[in-house]
Amino acid sequence: LNNRGILYMLLDDYSSALSDFDGVLSIEPGSCETWNNHGNILREFGCLEDALEDYNRAILLRPDYSDALNNRGVTHQHLQNYEDALKDFDTALELDPNSKEALNNRGNTLKRLGRYKESIADYNRALSIAPEQAVTINNRGLSLEQLGQYTEALADYDKAISIKPDYAEPYFSKAVQMLLLGNFAEGWPLYEWRWKIEQDIGKGHKTSKPLWQGEKNANVFLWAEQGIGDEIMFASLIPELEEQCSTLTVKCDKRLIPLFERSFSNKINLQFDQSKVSEDSYDFHIPVASLPSILRPSIDSFKQAARAYLRCDNKKAKELKKIISTDKTQTLIGISWNSSAKQPCAHHRNIDLYDLVKHLHAPDVKLVNLQYGDFVDEIAQLREDHGIEVIEVPDIDNHDDIDGLAALIMACDKVVSIDNATVHLAGALGTKTKILLPFNNNWQWGTSGSSSYWYDSVELYRQQSANDWKQVLEQLKSNTQK
């Protein structure tokens, strides 16, 4: 039963594997190896807390079980329990100092904590044991890239590809670096590898119709992918695509439809349910993040679309401004400080609310909450501890009512935000916006400069060293007071 379960696991038939491991444990509940295997299956299913319980049982039965310690560490990493993950990897390496898996995994955890030099040391140790590990080489490249060592990172991506030509991750890593550096001609084609990487970017679209590659006067289906912030950013290309089509159908997030209906041509067929788009209605299809490979081949091709391309409900924006602004001499600053993005290291974008507002708070300033999610307690605590008020508009759900959020943004005089969907919406509306970027920022913001090629109303404030917001916030305070 155990061996058959392992074979099913190797064949990615996880349900059958789990059934066999359950059978083993009903006969022999003291089998630590089976508890470890059972945990591995539950982790594949995304049942991370249950997987932890299985690894705990395995380690309780055999405290020196390095494989189970390593697997528990990986699960802690997925749960963002990074310190617990490090403890498990440290113990696994005390038991087996030459475990290339534990070294690679500890390197990944250190990387997520922003400890890039330490992560590289672990990757180097793993590669000294087994030099031809494409996964570890790619991971080292990612850490080198975060340190701004782009030439060395690129060499690692190329080496990983040469070792394992069908391994998608280094192609995608290389694509992101090329886009970060503004090398769009090389970056966009490589970006197509995103569909083959392990990171969840959403489901693709199954169709028998060919990919649109610039054909004129055709019926085209453009479909959304990734998060709502990405949809908003790539939506800047919709008017140019529509000019080249006979008909255009756009599948987008349901929350964006009112905004898109007001902003784009009424000839565009907007849908949020992909099943309602018949194959007979289009000749070609294209995912929205593939569109730039045709319409954005160079930095110059961004210029025309960098101006505001979304329009809010102006009547609602004026009404909100009257509600919020009791004193017309005050400056209304909309703020957002948190991202719920699932990408590794996304938490480095976030700023403590008090750290942000103390650099913006002034007698002639009124702060407005643009943050989506449940932060009521945090805002209340800020008021109680520091006497600083952040205005909330209860009639607008900042997460689900994107059209209402757009009006609220336009009711503000300016916006200050970290890198999340709010800043993309503000930029697309043409609002004067300041974005606070971590040292290892996303590719769409480039590596230098204070201007954005995506949005000409957005001003970039960059960390000069990892995890250090002090200089950024001081610069923000100085410029906000002008």
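In which helix does Gln 244 lie? Gln 244 belongs to helix α14, which covers residues 238-244, where helices (H or I, at least four residues) and strands (E, at least two) are DSSP runs numbered from the N terminus. The model shown in these views is predicted, so that local features need pLDDT of at least 70 and side-chain atom pairs count only at pLDDT 80 or more, while totals for chains, interfaces and linings use all residues. Residues are numbered from 1 along each chain as its sequence is written, and side-chain values use heavy atoms, with hydrogens and water left out.

View 1. Leaving aside residues up to four places away in sequence, Gln 244 touches Trp 212, Gly 214, Glu 215, Lys 216, Asn 217, Ala 218 and Leu 295, where contact means heavy atoms within 4.5 Å. With Lys 216 there is also a polar contact from side chain to side chain, at 3.0 Å; such a contact is a pair of N or O atoms within 3.5 Å, of which, within protein, one must be able to donate a hydrogen and the other to accept it, and residues adjacent in sequence count only if both atoms are side-chain atoms. Ser 451, by comparison, is 207 residues from Gln 244 in sequence and 29 Å from it in space, C-alpha to C-alpha.

**View 2. Salt bridge between Glu 240 and Arg 296.** The closest N and O atoms of this pair are 2.6 Å apart, a salt bridge being a side-chain nitrogen of Lys or Arg within 4 Å of a carboxyl oxygen of Asp or Glu. Because Glu 240 lies in helix α14 and Arg 296 in the loop between α16 (292-295) and α17 (314-324), the pair ties together parts that are 56 residues apart in sequence. Glu 240 is partly exposed, with a relative accessible area of 25%, whereas Arg 296, at 0% relative accessibility, counts as buried.

**View 3. Further salt bridges, including that of Asp 88 with Arg 72.** By the rule used here, the count of salt bridges comes to 23. The side chains of Asp 88 and Arg 72 meet at 2.8 Å, N to O; Asp 88 lies in helix α6 (residues 82-95) and Arg 72 in helix α5 (residues 66-78), so this pair ties together parts that are 16 residues apart in sequence. Asp 88 and Arg 72 are both buried. In another salt bridge, that of Glu 225 with Arg 194, the closest N and O atoms are 2.8 Å apart. Here the pair links distant parts of the chain, with Glu 225 in the loop between β1 (218-223) and α13 (228-234) and Arg 194 in the loop between α12 (184-191) and β1, 31 residues apart. Both Glu 225 and Arg 194 are buried. Glu 33, Arg 62 and Asp 64 are linked in a network of salt bridges.

**View 4. An open sheet of four strands.** The strands follow the order β3-β2-β1-β4, with parallel pairing, where two strands pair if DSSP finds at least two bridges between them. At the edges stand β3 (269-271) and β4 (284-287), each of which pairs on one side only. Four bridges join β1 to β4, which run parallel, and Phe 221 stands opposite His 285 in β4.

**View 5. Aromatic rings around Tyr 191.** Trp 188 and Tyr 191 both lie in helix α12, three residues apart, about one turn of the helix. Trp 188 is buried at 2% relative accessibility, and Tyr 191 is buried with a relative accessible area of 3%. Tyr 191 and Trp 443 form an edge-to-face aromatic pair, 6.0 Å centre to centre and with 65° between the planes; rings of Phe, Tyr and Trp (its six-membered ring) pair if their centres lie within 6.5 Å, and planes under 30 degrees apart count as stacked, over 60 as edge-to-face and the rest as tilted. Since Tyr 191 lies in helix α12 and Trp 443 in the loop between β9 (433-437) and β10 (458-462), the pair ties together parts that are 252 residues apart in sequence. Trp 443 is buried, with a relative accessible area of 9%. One aromatic cluster has among its members Trp 188, Tyr 191, Trp 443 and Trp 454.

Definitions and conventions. Buried means under 20% relative accessible area, exposed over 50%, partly exposed in between (1.4 Å probe, protein chains only).
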